[in-house]
Amino acid sequence: MNDSDYDPDVTIDSRDATCPGPLMDLIGKVKEAEPGTVIELRTSDSGSKSDVPEWLDEAGHDLLDTVDNGDYWSLFVRTN
Amino acid sequence: MSGYAIVLASRELSRVQAVSTIASVAAASDVPVQIFATMEGLLPFRTETVESGDFDFGPVGAKMLEADGAEMPLFYEQFAQAKGIGDIELYACEMAMDLLETDLDDYVDVFDDTLGVSGFLNRARDKQVVFV
């Protein structure tokens, strides 16, 4: 369970994957998602935690929240 | 500028992996990428090299090879994944292949075709060229 206000439509579990695995997984889902879809990306890669928001900013999607779950992070994304 | 044309002329695993990582994310982000593997840059793609793991690598490359495959996909796996998502094409240099007396069947299945210098330059005309 995540300590977040957001209830994701899609959850991507990319824990243990290194850069660029989590981002590639996210891009694949974003491309097939309807606008307004809330996606939770789970990653244990600190580089991806920093890099995914950069991609979201450039691609025009929203980072809703980042939750620290101890051994991984949950990034909540809304597609536009 | 409408994308990147990357000349890959190094056999060093870290360089090849860096190219696959950056190119894959670019292509998945709708930035077209073309890669021209030439000279020693062809060698890591040889099937026998991939199967044996006999890459030219430094300390970072060694760490990559120690990682579990599912956690750290190597360059040819990244290229294969990127091809399913974005606009990325890989070409093998005809001249280097002739020198090595090989053809595409001797390489992992990531190349779209073989290409000469003129063909590469034609495709690179509207792109930013990056030499690795």
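1. Two residues are taken to be in contact if their C-beta atoms, placed from the backbone, lie within 7 Å. Helices (H or I, at least four residues) and strands (E, at least two) are DSSP runs, numbered from the N terminus. The model is predicted: local features need pLDDT of at least 70 and side-chain atom pairs count only at pLDDT 80 or more, while totals for chains, interfaces and linings use all residues. Residues are numbered from 1 along each chain as its sequence is written, and chains are lettered from A and ligands numbered from 1 in the order in which they are written.

2. The contact between the chains draws 13 residues from chain A and 10 residues from chain B. On the side of chain A that touches chain B, the elements giving two or more residues are α1 (21-32) and α2 (46-59) of chain A. The largest share of that side, 6 residues, is supplied by α1(A). Sorted by class, the side of chain A that touches chain B has 8 nonpolar, 3 polar and 2 charged residues. Here Ala, Val, Leu, Ile, Met, Phe, Trp, Tyr, Cys and Pro count as nonpolar, Asp, Glu, Lys and Arg as charged, and the others, Gly among them, as polar.

3. Helix α1(A) deserves a description of its own. It has 12 residues and reaches 17 Å from its first C-alpha to its last, close to the 16 Å expected at 1.5 Å a residue; the expected span is 1.5 Å times one less than the number of residues. Its buried residues are A:G21, A:P22, A:L23, A:M24, A:D25, A:L26, A:I27 and A:V30. A residue is buried if 20 or more other C-beta atoms lie within 10 Å of its own, exposed if 12 or fewer, and partly exposed in between, with C-beta atoms placed from the backbone. The buried residues of α1(A) pack against β1 (10-13), β2 (38-43), α2 and β4 (73-78) of chain A, together with α1 (13-28) and α4 (75-83) of chain B.

4. Two packed helices are described by the angle between their axes and the distance between the axes. For α1(A) and α2(A), the axes come within 9 Å and cross at roughly 35°. Axes are lines fitted to C-alpha atoms, for helices over the stretch in contact, and angles run from 0 to 180 degrees between N-to-C directions. In this pair, A:P22, A:L23 and A:L26 of α1(A) meet A:S48, A:D51, A:V52 and A:W55 of α2(A). By class, this contact has 5 nonpolar, 1 polar and 1 charged residues.

5. In chain A, 4 strands form an open sheet in the order β1-β2-β4-β3, with mixed pairing. The edges are held by β1 and β3 (62-68) of chain A, each with a single partner strand, so one side of each is left without a neighbour in the sheet. The twist averages 20° from one strand to the next. Strands pair if DSSP finds at least two bridges between them; β1(A) and β2(A) do so in the parallel sense over 4 bridges, and the bridge partner of A:D13 in β2(A) is A:R42. Helix α1(A) lies across β1, β2 and β4 of chain A and runs at about 165° to β2(A).

6. In chain B, 5 strands form an open sheet in the order β4-β3-β2-β1-β5, and the pairing is parallel. Its edge strands are β4 (113-115) and β5 (128-131) of chain B, each of which pairs on one side only. The twist averages 30° from one strand to the next.

7. How many residues of β2(B) are buried? The count is 5 of the 5, so β2(B) is largely enclosed by the rest of the structure. In a regular strand the side chains alternate between the two faces of the sheet. Both faces of β2(B) are covered, with B:V33, B:I35 and B:A37 buried on one side and B:Q34 and B:F36 buried on the other. Strand β2 (residues 33-37) of chain B is joined to β3 (residues 88-93) of chain B by 5 bridges, the two running parallel, and B:F36 stands opposite B:Y91 in β3(B).

8. In helix α1(B), 12 of the 16 residues are buried, so the helix is largely enclosed by the rest of the structure. These buried residues pack against α1 of chain A together with β1, β2, α3 (59-66), α4 and β3 of chain B. After α1(B) comes B:D30, whose phi is positive, near 70°.
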